[in-house]
Amino acid sequence: MRKHILFIVCGLLALTACKLEDTYTQTNVQDLVTVKGDNLINDFGYTLTVVQDAVGRANWQVEDARYFALYDVLNRQLDINLKEMVRSRYLVFFDYDESEEYPTDPIEPYLAAFSGGFLNVGFYITKAKNTNNAHPVNFYLQMDNNHLYLHVVHVGNGEDLRFMSKDDLTYEQRLYHVPVDEIPHYNQFTMVYHYLRDNGSGTPVLDEESYNIR
């Protein structure tokens, strides 16, 4: 399910989710869903009935589990052909300490949005193939005058991707969520992370980027 960098806000999700009832068929829908019994409920409250399943029900049917799903809509009743699912992990916040040095390993975001009563954050990490390194990702909150910063910290365990061949690298998709009532009050919310960019000479450069979630 790896895609180009794309931040999906609620309005864009509505293009694929909210209008499903007006469509007989639709292929390759990407959607945030929650397991309820035998069905999937997307963040706009639509019930999706799985009638074709390439994932395997035993692999995803965990009550209240959240997923980023890829599926085809087969009819107006919202029967679906389930093609892929990525399990969302519960997002745990830590306090950001400006005096501490944090790892700056890159991530590639594709999702940063509030929907379904959750903050949802999704991205890819890049790591060496055939590595046993766990590559943990930590989240740190920093409050500054009602401006809340979410620092996404990827711990690459010493792998410097700038000097590694693409043939030696692999991508891993990560998805996290946290209920909105667990987020402190704020007026502005920004995600901060590091990414690799081309400096024009063909050599990747590590840089910091921010994205205003709300």
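Predicted model: local features only at pLDDT ≥ 70, side-chain atom pairs only at ≥ 80, totals over all residues.
Visitor: Which residue does Arg197 pair with?
Guide: Arg197 forms a salt bridge with Asp207, the closest N and O atoms being 2.9 Å apart; the term stands for a side-chain nitrogen of Lys or Arg within 4 Å of a carboxyl oxygen of Asp or Glu. The pair links distant parts of the chain, 10 residues apart, with Asp207 in strand β14 (residues 204-212) and Arg197 in strand β13 (residues 188-198); strands are DSSP runs of E, at least two residues long, and helices are runs of H or I of at least four, numbered from the N terminus.

Visitor: How many salt bridges are there in the whole structure?
Guide: A search of the whole structure finds seven. Among the pairs is Lys36 with Asp64, whose closest N and O atoms are 2.4 Å apart. Lys36 lies in strand β1 (residues 26-36) and Asp64 in the loop between α2 (57-60) and β4 (66-73), so this pair ties together parts that are 28 residues apart in sequence.

Visitor: And which residues form a network?
Guide: Arg89, Lys127, Glu172 and Arg174 are linked in a network of salt bridges.

Visitor: What about Asp72, buried or exposed?
Guide: Asp72 is buried, with a relative accessible area of 12%. Its salt-bridge partner is Lys83, with the closest N and O atoms 3.3 Å apart.

Visitor: Switching to the surface, which residues form the negative patch?
Guide: That patch is formed by Asp95, Asp97, Glu98, Glu100, Glu101 and Asp144. Patches are made of residues with over 30% relative accessible area and no salt bridge, like charges being joined within 9 Å and nonpolar side chains (Val, Leu, Ile, Met, Phe, Trp, Tyr) within 5 Å. Glu98 sits in the loop between β7 (93-95) and β8 (107-115), and counts as exposed because its relative accessibility is 65%.

Visitor: Which residues make up the nonpolar one?
Guide: Tyr90, Val92 and Phe94 form that patch, with about 290 Å² of accessible area together, as computed by the Shrake-Rupley method with a 1.4 Å probe.

Notes:
Residues numbered from 1 in each chain as written. Heavy atoms only, no water. Lys, Arg positive; Asp, Glu negative; His and termini not counted. Charge placed at Lys NZ, Arg CZ, Asp CG, Glu CD. Buried < 20%, exposed > 50% of the residue type's maximum accessible area, 1.4 Å probe, protein only.
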